[in-house]
Amino acid sequence: MSTLFKICFGIAAGLEFIFVPWFLKASRNGRCTKSQILKTICATLFVAAGVLASVIAQNRSDYAHYILIGLLLGWCGDFLLHLPPKMPFTLSGGLAFLAGHVFYIYAYCLAMKRFFPDAPFWDKRELIACAIIIVIGVAAIRLLGVKFSPLYIIGVPYVAMLAFMLVKAGSLGIKAVNAGLDNAVAMCILLVGGAFLFALSDMMLAVNSLRKPRPSYGYKITCIVTYFTAQFLLASTIFVISA
């Protein structure tokens, strides 16, 4: 039975290579019913990957549960933000992603407490790293042609949460490698890779949405590809982290 679930996980990963390009093609000229269906399928695949990873690894830990909740919230955000651009949908979708980041961070903190009981939650070096990431991110968006606007202020909590998620993932991964934990290298690659690609995806989304005139379609391609890859990597952390 385990072999069957592993095959299903591989199929889910392989199907992303079909449905993500198909979604990009369908949404090139704007949102439509077809693109909504295809994006929902892409999101369903990374949720399925998380569930399958939990079953294959027999991981019923709180860490796995919170990662799965984060994935489900990502699914909700994907669905809501691809609906007609009305404030209730946009606000609900943004809040779903923000809540998803909270659950990811909480999962990382659980793992940190499990493996490194003496590690403080508010680490000064991590807070400094967060500040640096926020400054670099804002500067990069500005260099890519996005002018300053009130939306920068509105987006500060989300950007801060994203930076904190990246730093917490990196801190856990690096500490695991330095401590020589089992599967530490895989843990670090999946955590850091997933969080970094998530941040990169959101930066591309900001450029694609706010830059005037709108940039080339390559920005949207980068945004979507990095996003779904990030969610799959974070789902795969369930294979190697149980806390």
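Modeller: What follows is a set of questions and answers on a predicted model.

Biologist: Why is D123 called buried?

Modeller: D123 has a relative accessible area of 11%. Buried means under 20%, so D123 qualifies.

Biologist: Where does D123 lie?

Modeller: In the loop between α4 (87-115) and α5 (124-143).

Biologist: Why is M87 called exposed?

Modeller: The relative accessible area of M87 is 61%. M87 is found in helix α4.

Biologist: Why is the pair of F46 and Y227 called edge-to-face?

Modeller: Their ring centres are 6.1 Å apart, and pairing needs centres within 6.5 Å. Their planes stand at 85 degrees. Edge-to-face means over 60, so the label holds for F46 and Y227.

Biologist: What does that pair tie together?

Modeller: F46 lies in helix α2 (residues 33-56) and Y227 in helix α9 (residues 218-236), so parts 181 residues apart in sequence are tied together. Both F46 and Y227 are buried.

Biologist: What makes F121 and F164 an edge-to-face pair?

Modeller: The rings of F121 and F164 are 5.9 Å apart, centre to centre, with 75 degrees between the planes. The limits are within 6.5 Å and over 60 degrees. Both values pass. F121 is in the loop between α4 and α5, and F164 is in helix α7 (residues 156-179), 43 residues apart.

Biologist: Why do F121 and F164 get their accessibility labels?

Modeller: F121 has 37% relative accessibility. That falls between 20% and 50%, so F121 counts as partly exposed. F164 is at 11%. This is under 20%, so F164 is buried.

Biologist: How do you know that K168 sits over the ring of F121?

Modeller: K168 lies over the face of F121, at 4.7 Å from the ring centre. The distance cut-off is within 6 Å.

Biologist: Which residues do ring pairs link into a cluster?

Modeller: F46, F97, F198, Y227 and F228.

Key:
Residues numbered from 1 in each chain as written. Predicted model: local features only at pLDDT ≥ 70, side-chain atom pairs only at ≥ 80, totals over all residues. Heavy atoms only, no water. Helix = DSSP H or I, 4+ residues; strand = E, 2+ residues; numbered from the N terminus. Buried < 20%, exposed > 50% of the residue type's maximum accessible area, 1.4 Å probe, protein only. Phe/Tyr/Trp six-rings, centres within 6.5 Å; stacked < 30°, edge-to-face > 60°. Lys NZ or Arg CZ within 6 Å of the ring centre and 35° of its normal.
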